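Work through the exercises below with the sequence and the structure open beside you. Try each task on your own before you read the solution that follows.

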Amino acid sequence: MSSLVERDSSASALGRALSAVLLMVPALALGAAVVLTPLPVEAQWMFGALVYLLALCLTRVSGRLVTLTLIGMSVLVSLRYFYFRVSSTLPQDWSLDLILSLLLLAAELYSLSMLLLGYMQTAWPLERRSAPLPEDTSSWPTVDVYIPSYNEPLHVVAPTVLAARALEWPSDKLRVYLLDDGARSEFREFAARTGVGYFARTDRSHAKAGNINAALSKTSGKFLVILDCDHVPARTLLQVALGWLVRDERLALVQLPHHFYSPDPFERNLATFRRQPNEGELFYGLIQPGNDLWNAAFFCGSAAAIRRDALLSVGGIAVETVTEDAHTALRLQRRGYHTAYLNSRQIGGLATESLSAHVRQRQRWARGMAQIWRQDNPFWGRGLTFAQRLCYAASMLYYFHAAPRLIFLLSPLSYLVLGAHIIDASPALVLAYAVPHLVQSTLTNSRLQGRVRHSFWSEVYETSLAPFILLPTTIALFAPKYGGFNVTSKGGKVLRTYFDRAIALPHLVLVALNVVGLALGALRLVQHAPNPDVTILNMCWVGYNLLMLGAVLRAAREVQQLRGVPRIDVDLPSSLRWAGARMVAATARNISVDGALVTVASADDCPEGDELHLCLLEPRVLAVPARVVRREGTRIRLRFENLSVDEMSALVEASFARKDLWSSWNHGLKSDRPWIEAMRIALHGVRGLGLGLWAPFARRNDA
Amino acid sequence: MTFTIVVASPQGGVGRTTLVAQLASQLALAGARCLAIDLDPNDMLSLSLGGSPSEWMTDSPSYHGGLSVLNTALGVGSLAESLRERRARLPHVPFGSRFITTREVRERLARVDVLRERVRALTPPNCKILLLDTPSGDNPYSEAALALADIVLLPLRADAACLATMAAYESYLRRVAPHIYPRGIHYVLSMFDPTRQLATDVADLLGQCVDGTVVPRAIHEDEAVREQFARGTPLSIDGGAQAFADFKWLASYVTEALGRQGVDAAAHAS
């Protein structure tokens, strides 16, 4: 049970129930009145405007109650729209118009459900704090750290292993294991040099889940911590994560956020890195804390601590679906275990390096969630509370957004191209109901999510994925066992900037269709066809769609990225030391296991090719042999060669594994301003459309 | 209120005088009114502050006749004159050339109570920070200085002998400077070569072996310091060398430590 929810005595519980009922009846009546009363056009606009102004005033006030009020207002306005839509806009007779209208309605109802579920999930996030461990360290439990790997290069995995060794925990109670599904000798040697455990598998059954399950039988720690091979932990990870697990026997899982210090494809290609929250922030920053309130936080595959006994009791990591992490958490919960989410960034990893890699990863998640929906649906079966069912359902149903999104992208064409009238009401009236619905939900979501997701970006993300997850989710729904497991690649390079036509193709097709619709609409206007207001409305909708698609096209232009080796930005006082005791003061700007970038006051006497030592002054003294490979003004690039394990370990500790390294990551972010975001996305859209026009002539990918 | 910083150490050749000179220079740059007094009969402070060797070696009357620890017969007025003369090299009082006094005079001076009086007489009332350079080891000059200290900076070389000598020296400190032991004793690694394993090992172990505070950053061994001494260039020029960055850092560290000490002293007094 979440720690915030108390148990009352039965008497006062009854009293509260009664008063709740007494309040609810008039509230429901009032709500029904608001939703069901039809109004003429001007009155409806007035109503919408009043609600909007009231909401604007309320946004100036902070506080949970105000947020709930805003949610209530948004729900009422949206329900009002839907009642109008269902009762007054559907074509009367059975025809193509009706079918298309029902399709659009189905898509809209999907959006409404996701909106309502989203409100429920995010209205009251549980801001869980880390629980302290007991004073007596001899009572601390044994922990195994698993680092599964398959085909990632060693320079990606090495910092993770070294940082895991350096985790602050009694050394006799910590064991690190490298789980190598590729059975590579290089990794075996590295494990031997660094003194960590090594397990290899030659059969790759069930991929990562199988890898972990195989290791479970060979290790014995009371808790296990799973780290993706590129997720470098801060030294404080165990002390932060294990407090709650030690206190609560029924707690099976503590999940921490996946933090990425490299830009994801959207951030890199649209140049928004560190300027606005990235795509993962919504989930890790708001949805999981929201799930946590209802005891529905789920496992995300890495950066989590799991109770071994609990995991064994559900038969290890689930292997039936490709999102084995969420499925395992669901099983644990059915068994009566609790889960927890701690929003403390303790690991830093690499984001997917290109839009196609991102899409592949999400395809796997979408497929897996559809598989779970089909095979282990949260609404059926025992062991879950109603709130948990809703939360899991929300997370799974999210991945079914492909069909609705495509319907939205193509709907205006039903009038412009096919001449079908799918909305049987005047555009002015429709707008009078629809605009408040859209505006209120945007405003309310900005209030709820503004810190972790800026307005309108959800549409961009969904649009980018929709064509690709339509098929996987549909197939998984009907034939869940079909298809294999593709691993997300990490640590790749983009050799030259290029436009990824393969990934952009479906969007280019959609753009083309929409442009055709636009042209036909213009033709109608020019020919003074009837219902110009309907034409204009649909053309505006097409314009909006084109801008969204354009933004996705822009994100498909992969910006050059030559960093294969994970590199972390730092700001450390350091020094360059030559053999004759000449030392120059410097500042280290970024560090990786194979090199570093430093800046000096004047680089006059630092010729390229010089061999020297890079000395870090904080937190510990460290001198690493290096060579100057490039000098640009006051920036000097160094390369390390043949480092000992201790030297590499010390570098990792000074850079990746520092305590509180990520805690101020988001401090410079601007807050959400919906109008500004809309304009920004529109600008991306325009540039993307330009790219799309140029696409047939674009340079091929050389990578 | 004058804060007194004493630079002392059991080892010889660790760079005490250089430290005093550099610190005085950095503190003066930061705007503090400071005065450095050389209590080491080797009389190297003046040179370290950028004097030319020829001055030191000859019997120049303006130099040797001026105010020094050995020769304080001239009184307070001449301190001001003397300091003005030496302005280019920062306000300081050299120990004085051994060549112009007799042995009896020196022996009479080499007593703790006499030295304390001498230092007090030499310190002008508006001096904010007083830096005292001392000879190495156990001797009356160090003892006098330590008795007056608000803070002791203890440079040491990170070599095999240093940890062994520290224990004995700490009991010496406990005896002669009980009013600031152990929190006012700050160990600073000097002439530090981070590429040597022994040096980094000693640095790691030092905190566990001593009662006092270990200054978090070392003063690195840097040829730039030797070059500057050899050329006699003024100390305020920063060529980007690490050692000068270290001295600058140390100056702010010391200022902060003195501030804390002042707060403690005020709390103690009230």
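**Exercise 1: Salt bridges**

Over all chains, the count comes to 25 salt bridges, where a salt bridge is a side-chain nitrogen of Lys or Arg within 4 Å of a carboxyl oxygen of Asp or Glu. The model is a predicted one, in which local features need pLDDT of at least 70 and side-chain atom pairs count only at pLDDT 80 or more, while totals for chains, interfaces and linings use all residues. Residues are numbered from 1 along each chain as its sequence is written, chains are lettered from A and ligands numbered from 1 in the order in which they are written, and side-chain values use heavy atoms, with hydrogens and water left out.

Task: Find where R85(A) and E108(A) lie, and decide whether each is buried or exposed.

Solution. Begin with the pair itself: R85(A) forms a salt bridge with E108(A), and their closest N and O atoms are 2.6 Å apart. Helices (H or I, at least four residues) and strands (E, at least two) are DSSP runs, numbered from the N terminus. Then turn to accessibility, for which buried means under 20% relative accessible area, exposed means over 50%, and partly exposed lies in between (1.4 Å probe, protein chains only). R85(A) counts as buried because its relative accessible area is 1%, and E108(A) is buried because its value is 10%.

Task: Which parts of chain A does the salt bridge of R405(A) and E462(A) tie together?

Solution. The closest N and O atoms of R405(A) and E462(A) are 3.0 Å apart. R405(A) lies in helix α15 (residues 402-416) of chain A and E462(A) in helix α17 (residues 457-478) of chain A, so the pair ties together parts that are 57 residues apart in sequence. Both R405(A) and E462(A) are buried.

Solution. The side chains of R111(B) and D113(B) meet in a salt bridge at 3.1 Å, N to O.

**Exercise 2: Aromatic pairs**

Task: Describe the ring pair of Y398(A) and Y399(A), and then that of Y169(B) and Y172(B).

Solution. The structure holds 17 aromatic pairs over all chains; rings of Phe, Tyr and Trp (its six-membered ring) pair if their centres lie within 6.5 Å, and planes under 30 degrees apart count as stacked, over 60 as edge-to-face and the rest as tilted. Y398(A) and Y399(A) are 5.1 Å apart, centre to centre, with 80° between the planes, and the pair is edge-to-face. Y398(A) counts as partly exposed because its relative accessibility is 28%, whereas Y399(A), at 10%, is buried. The rings of Y169(B) and Y172(B) are 5.4 Å apart, centre to centre, and with 40° between the planes they form a tilted pair. Both residues lie in helix α9 (residues 162-176) of chain B, 3 residues apart, about one turn of the helix.

Task: Which residues does Y169(B) contact beyond its neighbours in sequence?

Solution. Contact means heavy atoms within 4.5 Å. Leaving aside neighbours within four places in sequence, Y169(B) is in contact with A8(B), S9(B), P10(B), G137(B), L146(B) and L154(B). P10(B) is 159 residues from Y169(B) in sequence, yet their C-alpha atoms are 6.5 Å apart. Y169(B) is classed as buried because its relative accessible area is 5%.

**Exercise 3: The interface**

Solution. Chain A gives 17 residues and chain B gives 15 residues. The count between the two chains is 2 salt bridges, one of which joins the side chains of D193(B) and R577(A) at 3.0 Å, N to O. On the side of chain A that touches chain B, the elements that give two or more residues are β12 (568-577), β13 (583-592) and β15 (611-616) of chain A.
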